[in-house]
Amino acid sequence: GDVRGWGDFLTAMQNVLADQRPKQGAGIRFLTEGITSPTVGRQIGLIPQAFPQAKLHHWDAVPQDGARAAGTAGTAPIYHFDKADVVVTLDADFLTCGPASVRYSRDFADRRRAGIGAGHTPAPQAPMNRLYAIESTPTLTGAKADHRLALRASEIEAAARALSSGASGTFSNANAATFLAAVAKDLQAHGGRSLVIAGDYQPPAVHQLAHALNQSLGNIG
């Protein structure tokens, strides 16, 4: 078929919306992913004013299983990187993936500078944050990590269990056991000031372990 320009799309949409105004939008459905942007949230919030009968639907196809496993079905965690001294990822590329990646990148980058605390405000005693990336595929988040552990995708859950309970596992990387022990020690030393993040494509068990770790460390809330 023909490839048409953005102007053609806007014209077509304006015609559709004009037809729907007398019906108050009864024939319109809006489908979005999870929204973390305040600006987009306010814009979406204006839709019911213009089209009271329109329906709004939110759906995140990927994170649902993880959220459900963590006991928070229908929601996704919001991470406060500006408050975290230590961050551990479990195959999570938070700097480039997900609707909040721009905000997360900003908060994370601010904490890469010593003397910057929560809320992007000067805090002379605030240390630079530390990032541990445990991943099966090279990512931009892993490239930014202070310490990176490469594992097979099938070993991420075992790594999460090692961090959670000290359980031993068989890993393809000979340095894994030493690496994970050091990470677990660092997390314990930063209770309430750390984050453990499971990637969107990780199975429910890994999300559940990450949630349990954050809970036991006092990072939630």
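Analyst: The model is predicted, so local features need pLDDT of at least 70 and side-chain atom pairs count only at pLDDT 80 or more, whereas totals for chains, interfaces and linings use all residues. Residues are numbered from 1 along each chain as its sequence is written, and side-chain values use heavy atoms, with hydrogens and water left out.

User: Are the rings of Phe-81 and Phe-94 stacked or edge-to-face?

Analyst: Rings of Phe, Tyr and Trp (its six-membered ring) pair if their centres lie within 6.5 Å, and planes under 30 degrees apart count as stacked, over 60 as edge-to-face and the rest as tilted. By this rule the count comes to seven aromatic pairs. The centres of the Phe-81 and Phe-94 rings are 4.4 Å apart and their planes are at 20 degrees, so the pair is stacked.

User: Which parts of the chain does the pair of Phe-81 and Phe-94 tie together?

Analyst: Helices (H or I, at least four residues) and strands (E, at least two) are DSSP runs, numbered from the N terminus. Both Phe-81 and Phe-94 are buried, where buried means under 20% relative accessible area, exposed over 50% and partly exposed in between (1.4 Å probe, protein chains only). Because Phe-81 lies in the loop between α4 (64-69) and β3 (86-90) and Phe-94 in the loop between β3 and α5 (101-110), the pair ties together parts that are 13 residues apart in sequence.

User: Which residues form one aromatic cluster with Phe-81 and Phe-94, and which strand do the buried residues of α5 pack against?

Analyst: The cluster is formed by Tyr-79, Phe-81, Phe-94, Tyr-104 and Phe-108. Tyr-104 and Phe-108 are also among the buried residues of α5, together with Ser-101, Asp-107 and Asp-110. Taking contact as heavy atoms within 4.5 Å, the strand against which the buried residues of α5 pack is β4.

User: Is α7 oblique or roughly parallel to α8?

Analyst: Axes are lines fitted to C-alpha atoms, for helices over the stretch in contact, and angles run from 0 to 180 degrees between N-to-C directions; those under 35 degrees count as roughly parallel, over 145 as roughly antiparallel, 65 to 115 as roughly perpendicular and the rest as oblique. Helix α7 (residues 156-165) packs with helix α8 (residues 176-189) at an angle of about 45 degrees, the axes being 9 Å apart. That makes α7, relative to α8, oblique.

User: Which residues of α8 does α7 meet?

Analyst: From α7, the residues in this contact are Ala-159, Ala-162 and Leu-163, and those they meet in α8 are Leu-180, Val-183 and Ala-184.
By class, the contact has six nonpolar, no polar and no charged residues, with Ala, Val, Leu, Ile, Met, Phe, Trp, Tyr, Cys and Pro counted as nonpolar, Asp, Glu, Lys and Arg as charged, and the others, Gly among them, as polar. The α8 residues asked for are therefore Leu-180, Val-183 and Ala-184.

User: Is α7 oblique or roughly parallel to α9?

Analyst: Helix α9 (residues 204-216) and α7 pack at an angle of about 20 degrees, with their axes 9 Å apart. The orientation of α7 to α9 is accordingly roughly parallel.

User: Is Arg-111 buried or exposed, and how many Å separate Arg-111 from Asp-85 in space?

Analyst: Arg-111 lies in the loop between α5 and β4 (130-135), and with a relative accessible area of 3% this residue is buried. Arg-111 and Asp-85 are 26 residues apart in sequence, and their C-alpha to C-alpha distance in space is 7.8 Å.
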